[in-house]
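Please look over the sequence and the structure before reading on.

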Amino acid sequence: MAPPAQSQRSPSPSQPSGYSSNFYTFLCACICGLFVICGGEVEVGVFEGALNCQTTDKENQKPHKHCGIEMDFTFEGKGEVSDLKMQLRQLAGSRAPGTDDTKRELFKKVISYMTIGIDVSSVFSEMVMCSATSDIVLKKMCYLYVGNYAKHNPDLALLTINFLQRDCKDEDPMIRGLALRSLCSLGVANLVEYLVGPLGNGLKDGNNYVRMVAAVGVLKLYHISASTCVDADFPALLKHLMLKDKDAQVVANCLTSLQEIWTLEASKSEEAAREREALLSKPVIYYFLNRIKEFNEWAQCIVLELVSKYVPSDSDEIFDIMNLLEDRLQHANGAVVLASIKVFLHMTLSMTDVHQQVYERIKAPLLTLVSSGSPEQSYAVLSHLHLLVMRAPFIFSSDYKHFYCQYNEPFYVKKLKLEMLTAVANESNTYEIVTELCEYVANVDIPMARESIRAVGKIALQQYDVNAIVDRLLQFLEMEKEHVTAETLVLVKDLLRKYPQWSHDCIAVVGNISSKNVQEPKAKAALIWMLGEYAQDMQDSPYILESLIENWDEEHSAEVRLHLLTAVMKCFLRRPPETQKALGAALAAGIADFHQDVHDRALFYYRLLQYDVTVAERIVNPPKQAVSVFADTQSSEIKDRIFDEFNSLSVVYQKPSYMFTDKEYRGPFAFSEELGNLSIGTEPADNVVAAQVVEANDKDLLLSTSEKEESQGYGNNGSAYSAPSYNASTTTGASQGHLDLVSLDQPSTVHTTASFAIDELLGLGMPAAPSPAPLPSALLLNAKATIDPNAFQQKWRQLPVSLSQITIRLNQGATPGSDAPASKDAFFLPFFQDISIDPRGVAAMTNPQALPQHMQGHSIHCIASGGQAPNFKFFFFAQKAEESSVYLVECIINSSSCKVQLKIKADDQSTSEAFSELFQSALSKFVLP
């Protein structure tokens with residue numbers, strides 16, 4: 001939380017210019033300290049005189065007679081905080097009857113304002129003055145207020161030292177403890193010397209509450225100044241208290257503090273490492289176990305966590321500890337039960353038979369905790385029970401009814417119970433469990449119905465009572481509920497992959513489902529997969545696919561479009577006459593698709609058919625074996641790691657602690673490639689923007705790539721993975737084998753006749769050889785064009801990509817200055833133009849301003865740039881002469897492969913190709929000066 005804003009006061013006219021405001025703050029602290037120490041009798045008049053001097057002698061501007069210092073406390077407003085300040089000031093030092101009650105009401109107002117976020121730091125001095133009271137309630141509220149503001153403001157913290165130290169010596173142990181806790185909670189490094197004395201006295205105090213607070217205060221001091229804590233020999237005092245103190249809570253607090261201090265000190269000091277190991281010695285462990293019933297619930301959890309790390313010497317010692325902790329399994333607190341279970345499980349890992357008996361013993365306490373307590377507690381216990389069920393499902397298989405869902409349970413508990421039912425299912429209880437799950441499918445709670453269907457599918461994939469389950473699933477399809485149909489279709493697809501022998505029964509039902517009634521992407525993709533995979537068994541499959549292709553532009557899911565391409569390809573290979581027209585339309589739409597993955601798959605299928613239809617069938621629709629085992633979402637290593645962290649958040653999150661605590665594991669922040677996330681500065685006068693310096697941890701905001709992405713290709717357009725990058729050097733001269741399938745050069749003449757035949761068959765009309773490029777019309781640009789960065793950003797978001805169906809490749813190593821025409825590839829790649837740049841131009845990239853200066857000479861201006869070798873990114877703009885139409889360019893240069901990638905957007909779409917030719921011509925002339 002940020003420090004509270006301090007009210008600004010204008011300096012007094014008579015304030016000496018050589019003194020800072022901190023000097024006067026210090027004087028206020030001294031006056032306040034005198035007031036508190038003297039008990040609020042004589043000095044209260046001095047302090048009040050200093051406070052009121054501006055109102056009494058404001059006209060004369062003379063120093064007050066009491067303090068000799070003129071101080072400005074004039075209020076800037078007449079709000080409620082100012083009223084509170086005035087009332088508190090009037091009550092300071094007053095001992096009239098009813099004063100404490102009035103102070104309570106004012107303190108409550110101050111605390112309430114502070115709680116809702118109103119800055120009440122201006123009444124700090126008045127709150128400190130009013131703290132001179134024996135009322136414990138007022139003390140508590142004052143300490144709460146002081147702890148909130150003082151730790152963020154050292155100047156204010158200075159005001160509290162005197163009265164807190166005084167309260168640490170109060171006769172009332174409750175006040176001593178509260179004052180010591182507040183003093184240790186200030187957290188100001190400059191004031192640590194004031195903590196050593198009160199803490200030492202607190203550890204030796206005769207009252208157990210004060211010692212308990214002091215034990216935790218030592219840990220707070222360690223976090224403020226570790227050297228001060230160690231030099232004062234506080235760890236040794238804590239160890240003595242831990243082993244000798246009669247109060248169990250003091251012992252528990254000492255244990256907590258010592259564990260943390262010695263763990264942090266172990267890397268610096270061998271002595272601390274030895275002390276930490278000594279905590280796990282047999283005498284210390286037995287000392288805690290013999291006193292465990294004296295501790296409260298949370299202290300017992302701390303002790304049991306320590307015991308779980310202890311390694312007994314033999315099996316007899318294990319049994320002794322387990323017998324001693326037997327009654328802890330019956331404890332009413334769930335945390336104590338789970339901590340005891342952790343001890344039992346970890347100590348018997350090497351004893352297989354005993355470990356299984358432990359599972360039997362802990363089953364009843366866990367099931368009792370699940371059925372009692374709040375939903376949150378039930379979920380936490382269920383998470384641990386789920387972990388145990390996954391390790392030994394046969395032990396809990398007879399208790400499956402405990403995992404049936406109750407109507408009044410929250411969804412997160414029901415979902416976990418469904419996972420439990422799935423885990424304990426076996427041959428003997430599958431029918432009862434599936435029957436119960438089928439009842440949940442008709443639930444009005446849609447998420448619950450979905451999870452129930454998924455649970456039924458998981459049981460079926462475990463090969464339990466498959467016949468009955470398939471019949472139940474097919475009945476779900478007849479319920480005519482959209483969410484039920486969607487989830488069932490996804491499940492049927494997985495079942496057919498594992499049990500292809502059920503295809504006849506499933507397809508008979510699936511064939512009656514109208515594709516118009518399936519809207520969810522995953523469900524539609526599953527239906528399309530079945531239409532392609534079993535096209536020979538479904539008479540209407542080609543026609544259903546054709547209707548889906550006709551609505552290609554209305555389908556927003558890339559997953560569905562990818563499945564549609566594959567399904568229509570499979571259908572064509574099995575029923576060519578009926579699917580010929582649909583395949584042609586699908587390939588044409590896919591090649592023109594804006595999504596990179598969809599485009600690449602369509603182009604790949606088209607080239608497969610050009611190459612050899614037989615090869616295409618072997619690749620797209622090969623003989624398949626039934627899936628035996630679906631991949632598990634978690635490896636056995638991760639599950640064992642979670643088991644080692646039993647009784648922690650790892651079990652609730654179902655992942656090891658490092659996955660949600662270590663920043664390195666979470667990985668760097670993934671920056672979007674959208675221009676809206678870029679910081680584009682104002683263009684300087686010379687229209688050149690220097691490359692930005694980007695820190696390695698955050699990658700590059702402009703480039704949004706790492707060196708690894710170089711091998712993955714540029715720009716994925718939002719797809720899940722990047723298409724392989726094209727390198728002309730790897731395909732040049734490749735004229736044999738399957739290299740022709742992915743080459744961006746002209747197709748081999750061997751397949752020219754086949755290409756014409758495929759194009760004519762599918763009605764694509766794509767020429768097998770590239771046609772000559774038309775000469776670009778003369779395009780003149782405005783040499784003095786300007787654009788506001790915000791306008792550039794807005795246009796980039798709004799304008800579509802102009803050249804979405806052509807790829808141009810300049811001849812690598814072309815002679816600079818020559819106007820050699822660019823060769824145009826016959827195949828289409830959306831969004832990007834892939835060209836080559838002269839190697840001598842790449843050498844000039846060492847100067848980040850070289851390319852912007854070169855392009856400026858061609859009336860093309862740079863508005864933003866950035867990146868690190870080998871990847872550089874530039875954003876250019878140009879304006880058509882005597883017109884307002886603008887061209888926007890994203891240019892990505894790879895210095896290692898001499899490749900340049902362009903994305904061009906334009907107001908005037910008709911001239912975008914001419915501008916592209918002009919841009920490439922200017923870029924091809926970029927060499928060292």
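Among contacts in the protein chain between residues at least 6 apart in sequence, what percentage join residues at least 24 apart? The share is 67%, a value that, like every other one in this briefing, comes from a predicted model. The protein chain contains 45 helices and seven strands, and 50% of its 929 residues count as buried.

**Nonpolar cores**

- The largest nonpolar core comprises 209 residues, and the residues with the most contacts inside this core are Tyr-145, Phe-288 and Leu-385.
- Helix H30 gives the most to this core, contributing eleven residues.
- When residues up to four places away in sequence are not counted, Phe-288 touches Met-242, Val-251, Leu-255, Phe-295, Val-303 and Leu-306.

**Helix H33**

- Helix H33, which spans residues 613–620, has Val-615, Ala-616 and Val-620 as its buried residues.
- These three residues lie on the same side of H33, because they cover an arc of only 120 degrees around the axis.
- In an α-helix there are 3.6 residues a turn, so residues three or four places apart point the same way.
- The cover over the buried residues of H33 includes helix H30 (558–574) and helix H32 (596–611).
- At the start of H33, the backbone nitrogen of Thr-614 has a side-chain oxygen of Asp-612 within 2.9 Å.

**Strands S4 and S5**

- Strand S4, made up of residues 861–868, is mostly covered, with seven of its eight residues buried.
- Strand S5 (residues 871–879) pairs with S4 in the antiparallel sense, and the pairing runs over seven bridges.
- Within this pairing, Ser-865 has Phe-874 of S5 as its bridge partner, and the hairpin that joins S4 to S5 passes through two residues.

**Loop residues**

- Asn-333 sits in the loop between helix H17 (315–324) and helix H18 (334–347), and this residue counts as buried because its relative accessibility is 19%, where the cut-off for buried is under 20%.
- Once neighbours within four places in sequence are left aside, Asn-333 is in contact with Glu-297 and Trp-298.
- Asp-233 is found in the loop between helix H11 (226–231) and helix H12 (234–244), and its phi is near 60 degrees, a positive value in a residue other than glycine.
- With a relative accessibility of 45%, Asp-233 counts as partly exposed.
- Asn-647 belongs to the loop between helix H34 (636–644) and helix H35 (649–653), and its phi, near 65 degrees, is likewise a positive value in a residue other than glycine.
- Asn-647 is partly exposed, since its relative accessible area is 26%.

**Cysteines**

- A disulfide is a covalent bond between the sulfur atoms of two cysteines.
- With a disulfide taken as a pair of cysteine sulfur atoms within 2.5 Å, the count comes to zero disulfides.
- Cys-229 counts as buried because its relative accessibility is 0%, and Cys-301 also counts as buried, at 14% relative accessibility.

Notes:
Residues numbered from 1 in each chain as written. Predicted model: local features only at pLDDT ≥ 70, side-chain atom pairs only at ≥ 80, totals over all residues. Heavy atoms only, no water. Buried < 20%, exposed > 50% of the residue type's maximum accessible area, 1.4 Å probe, protein only. Helix = DSSP H or I, 4+ residues; strand = E, 2+ residues; numbered from the N terminus. Pairing = 2+ DSSP bridges. Arc of directions from axis to C-beta. Contact = heavy atoms within 4.5 Å. Polar contact = N/O pair within 3.5 Å; in protein donor to acceptor, adjacent residues only side chain to side chain. Core = buried A, V, L, I, M, F, W, Y, C linked by side-chain atoms within 4.5 Å.
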